[in-house]
Amino acid sequence: MPEGHTLHRLARQVTDVFGDQQVRVGSPQGRFAEAAAQLDGTEVRGAETWGKHLFIDVGGDRHIHVHLGLYGSFDVHDLVSDVPAPVGEVRLRLVRVDGKAYADLRGATICALVTTAERDAVVARIGPDPLRPDADPDRAWARISRSAAPIGTLLMDQSVVAGVGNVYRAELLFRHRIHPLRAGRTLRSGQWQAMWDDLVVLMAEGVRTGIIDTVRPEHEPEAMGRPPRDDDHGGEVYVYRRAGQPCHVCGRAVSTTVLGGRNLFWCSRCQPAFRSRSAR
DNA sequence: AATGCATGTACAG
DNA sequence: TGTACCTGCATTG
């Protein structure tokens with residue numbers, strides 16, 4: 001499920017499995033059929049990700065632009081003995097010419113053939129991506145420090161920071177004890193620096209493992225004597241989708257509201273709206 | 001079987 | 001601000 005780490009992981013997989021390899025390209029579902037026919041038999045150079053946008057370089061100033069949206073998936077299968085008939089609506093299928101690897105794209109919000117200039121235009125309109133070594137967190141700070149919008153909204157705005165989704169947003173704010181509705185411009189630059197550094201580490205861990213796990217060692221189930229989570233997508237989290245359940249740190253019921261059409265989660269004790277006098 | 005919801009975005013009005 | 005996109009999975013009946 002797609003936040004930035006998923007797309008970066010995919011870029012790595014596509015490069016590993018199809019890089020410098022000839023591929024058969026198809027669109028069993030049909031919506032990418034014209035481009036697929038044009039690309040069939042081409043050689044994949046590699047793939048790269050900015051934020052949640054994946055670009056597969058197929059040479060000749062052409063890239064397959066993929067965005068998974070909310071429920072898209074791109075499943076890469078390597079070391080297979082045969083390539084099965086497509087299951088469901090497969091918009092894009094890549095098959096390595098040796099027949100030992102294939103990948104299926106389903107449910108994506110974007111699957112389009114673009115030029116390098118078009119790719120660069122996409123990259124230019126999104127904010128710095130914590131998973132890219134050349135990313136400049138100051139670009140995000142320039143927006144955050146001037147904005148009256150809630151930090152919870154700014155973190156999800158891909159033109160401010162690229163790659164953060166609903167899980168990393170909720171978890172990052174919890175880890176930094178920041179109330180999600182606090183205006184961006186009330187943050188101090190040191191707070192943003194700490195949040196960015198944390199994102200770099202957390203998201204890189206997400207790329208490595210393929211899951212989002214944001215809980216510090218001292219709050220892990222084993223350390224605290226609580227049962228591990230079993231009803232989610234793998235990783236331990238502090239507040240994401242835990243509305244009404246006790247905070248792992250203070251025990252208060254996790255709060256939730258809808259902000260900009262997305263569910264938001266936080267702990268009202270660990271993430272106070274205003275700094276309390278006693279905390280000074 | 002039917003319904004609802006989701007780690008996302010774009011566009012209409 | 002609401003809705004469409006369009007898929008898989010959990011929940012409901």
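How are helix 1 and helix 7 oriented to each other? In this predicted model, the axes of helix 1, which spans residues 4-18, and helix 7 come within 8 Å and cross at roughly 50°. Helix 1 and helix 7 are therefore oblique to each other, since an angle counts as roughly parallel under 35 degrees and as roughly perpendicular from 65 to 115. The crossing of this pair is right-handed. Helix 1 contributes Gly-4, His-5, His-8 and Arg-9 to the contact, and helix 7 contributes Met-203, Gly-206 and Val-207. By class, the residues of the contact between helix 1 and helix 7 comprise 2 nonpolar, 4 polar and 1 charged.

Helix 7, formed by residues 189-209, also packs with helix 6, formed by residues 166-175. The angle here is about 130°, and the axes lie 11 Å apart. Helix 6 and helix 7 are therefore oblique to each other, and helix 6 passes helix 7 in a right-handed crossing. On the side of helix 6, the contact is made by Tyr-168, Leu-172 and Arg-175; on the side of helix 7, Met-195, Asp-198, Leu-199, Leu-202 and Met-203 take part. The contact of helix 6 with helix 7 holds 6 nonpolar and 2 charged residues, with no polar ones.

Pro-137, Trp-141 and Ile-144 of helix 4 meet Ser-189, Trp-192, Gln-193 and Trp-196 of helix 7. The residues in the contact of helix 4 with helix 7 are 5 nonpolar and 2 polar, and no charged residue is present.

Two annotated spans were examined. An unreviewed UniProt entry places the feature "domain: Formamidopyrimidine-DNA glycosylase catalytic" at residues 2-99. Over residues 2-99 the chain is 22% helix and 35% strand, and the end C-alpha atoms of this span are 27 Å apart. Residues 238-272 are 0% helix and 29% strand, and the end C-alpha atoms lie 15 Å apart.

DNA strand C is surrounded by Gln-29, Gly-69, Tyr-71, Gly-88, Glu-89, Arg-106, Gly-107, Thr-109 and Gly-261. By class, the surface near DNA strand C consists of 1 nonpolar, 6 polar and 2 charged residues.

Methods. Residues numbered from 1 in each chain as written. Chains lettered and ligands numbered in written order. Predicted model: local features only at pLDDT ≥ 70, side-chain atom pairs only at ≥ 80, totals over all residues. Near = placed C-beta within 6 Å. Nonpolar A, V, L, I, M, F, W, Y, C, P; charged D, E, K, R; others polar. Helix = DSSP H or I, 4+ residues; strand = E, 2+ residues; numbered from the N terminus. UniProt positions renumbered as here; feature names shortened; annotations may be inferred. Axes fitted to C-alpha atoms, helices over the stretch in contact; angles between N-to-C directions. Parallel < 35°, antiparallel > 145°, perpendicular 65-115°, else oblique. Left-handed = near helix turned anticlockwise from the far one by under 90°. Contact = placed C-beta atoms within 7 Å.
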